[in-house]
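Rolling a probe the size of a water molecule over the atoms shows where empty space is left.

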Amino acid sequence: MDLKDIKTQELVKKYNFKFSKSLGQNFLVDDSVLNDIVSGAEVNNEDFIIEIGPGVGTLTAQLLMKAKKVTSIELDNDLIPILQQELGENKNFELIHKDALKVDFNELIGEEKSVKLVANLPYYVTTPIIVKLLKGGYNFKSLTIMIQKEVAERMNAEPDCKDYGSLSVLVQYYCNTSIIRRVPPTCFIPRPKVESIVIRLDRLDEPRVKTKDISFMFELVRAGFNMRRKTLWNAAKTLHVNKEKLEDAFKRSGIDPKRRAETLSLEEFGLLADSLYDIKL
Ligand code: SAM
């Protein structure tokens with residue numbers, strides 16, 4: 001089929017496709033959203049695109065018209081023959097039948113230089129997928145993803161705002177974030193209960209802050225946000241370091257122990273983590 005003619009409703013009808021709620025299947029039916037995802041990702045003919053969850057291939061077809069190559073990863077057995085039938089003739093298309101959480105992205109990327117991930121993600125696994133993609137250190141230039149509005153707002157949040165938390169720190173440690181657009185439930189079949197947002201994460205050449213031990217910094221971030229209402233002093237006590245040493249570490253970091261995690265910038269988390277790391281040794 002001509003790539004321009006790949007339309008969600010028609011394919012769902014043609015193959016009598018039954019949606020699976022547990023696989024997070026809400027397919028896009030709005031051309032303006034498809035265009036905004038592809039233009040938001042700035043897809044060009046040098047790009048190797050990795051797509052997670054192609055569904056019946058509607059976004060995939062738009063990507064194939066612009067990119068050098070598209071590799072789509074789909075878990076649902078029932079979608080594989082549809083995608084092969086509709087898109088299989090395109091030489092620049094590759095389909096991987098697998099759980100995205102089990103894919104070795106380094107193997108997929110190989111020597112490719114301009115790698116972008118573009119996806120309307122299944123919402124039930126958004127966070128584990130993002131954590132895997134960011135922490136895995138893969139050579140992605142950017143991730144342009146449609147996700148649940150609340151999750152996008154958390155990724156994009158700044159200190160002192162109610163959405164700011166561990167996910168904001170994790171994402172912003174590795175990436176610059178920009179919101180591309182909001183997407184109402186009417187743009188999908190079946191309609192999800194929540195609003196969505198297309199967000200772009202541009203991977204930084206170097207993580208935003210230098211820190212002695214990244215796992216330790218994230219441990220501190222988690223401890224801080226697990227006790228949102230409590231002070232950093234109380235969060236740091238969970239590290240089981242003696243009181244004098246702890247006081248000294250706060251002094252050296254220049255951060256007031258009475259502050260709460262939600263007020264700290266990434267740079268401040270880095271400073272505090274490094275001071276605490278020294279006394280933990
Ligand atoms: N890209 C299509 C669109 O925009 O219309 C479909 C998006 S739909 C929100 C999510 C897709 O992810 C579905 O095709 C679903 O089967 C697939 N999926 C769900 N869990 C997955 C996983 N763990 N790995 C890969 N694909 C998955």
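The report below takes the cavity, the ligand, the pockets and a few backbone details in turn.

The model is predicted, so local features need pLDDT of at least 70 and side-chain atom pairs count only at pLDDT 80 or more, while totals for chains, interfaces and linings use all residues. Residues are numbered from 1 along each chain as its sequence is written, and side-chain values use heavy atoms, with hydrogens and water left out.

**The cavity**

The search uses a 1 Å grid over the protein atoms alone; a cavity is a set of points where a 1.4 Å probe fits but cannot get out, and a pocket is an open set with protein on both sides within 12 Å along at least five of seven lines. Lining residues have an atom within 4 Å of a point. Grid points are joined across faces, edges and corners, and a volume is the space filled by probe spheres set on the points.

By this rule there is 1 cavity of 30 Å³ or more. The volume of the largest cavity is about 400 Å³. Its lining consists of 33 residues, and those nearest its centre are Gly53, Pro54, Glu74, Asn120 and Pro122. Strand 1 (27-28), strand 2 (48-52), helix 3 (58-66) and strand 3 (69-74) each supply at least two residues of this lining. Helices (H or I, at least four residues) and strands (E, at least two) are DSSP runs, numbered from the N terminus.

**The ligand**

The ligand is surrounded by 22 residues, the closest being Leu28, Gly53, Glu74, Asn120 and Tyr124; a residue counts as near if one of its heavy atoms lies within 4 Å. Polar contacts are pairs of N or O atoms within 3.5 Å. A nitrogen atom of the ligand lies 2.8 Å from a polar side-chain atom of Tyr124. For Asp99, an N or O atom in the side chain is 2.9 Å from a ligand nitrogen atom. With Pro54, a polar backbone atom is 3.4 Å from a nitrogen atom of the ligand. On its own the ligand has 590 Å² of accessible area, and the protein covers 99% of that; such areas come from the Shrake-Rupley method with a 1.4 Å probe.

The largest pocket holds about 270 Å³ of space. It is lined by 13 residues, with Lys21, Asn26, Arg191, Pro192 and Lys193 closest to its centre.

The second largest pocket has a volume of about 210 Å³. Helix 6 (126-135), helix 8 (166-174) and helix 9 (214-226) each give at least two residues to its lining. Among the lining residues are Thr127, Ser166 and Phe218. This pocket lies between domain 1 (3-203) and domain 2 (214-280), because both give residues to its lining. The domain bounds come from an automatic or database domain assignment.

The table gives each lining by class. Ala, Val, Leu, Ile, Met, Phe, Trp, Tyr, Cys and Pro count as nonpolar, Asp, Glu, Lys and Arg as charged, and the others, Gly among them, as polar.

| Space | Lining by class |
|---|---|
| Largest cavity | 20 nonpolar, 8 polar and 5 charged residues |
| Largest pocket | 6 nonpolar, 4 polar and 3 charged residues |
| Second largest pocket | 5 nonpolar, 3 polar and 4 charged residues |

**Backbone details**

Ile189 and Pro190 are joined by a cis peptide bond, with omega about -25 degrees. Pro190 is in the loop between strand 8 (188-189) and strand 9 (196-203). Glu42, a residue other than glycine, has a positive phi near 50 degrees.

How values were computed:
Polar contact = N/O pair within 3.5 Å; in protein donor to acceptor, adjacent residues only side chain to side chain.
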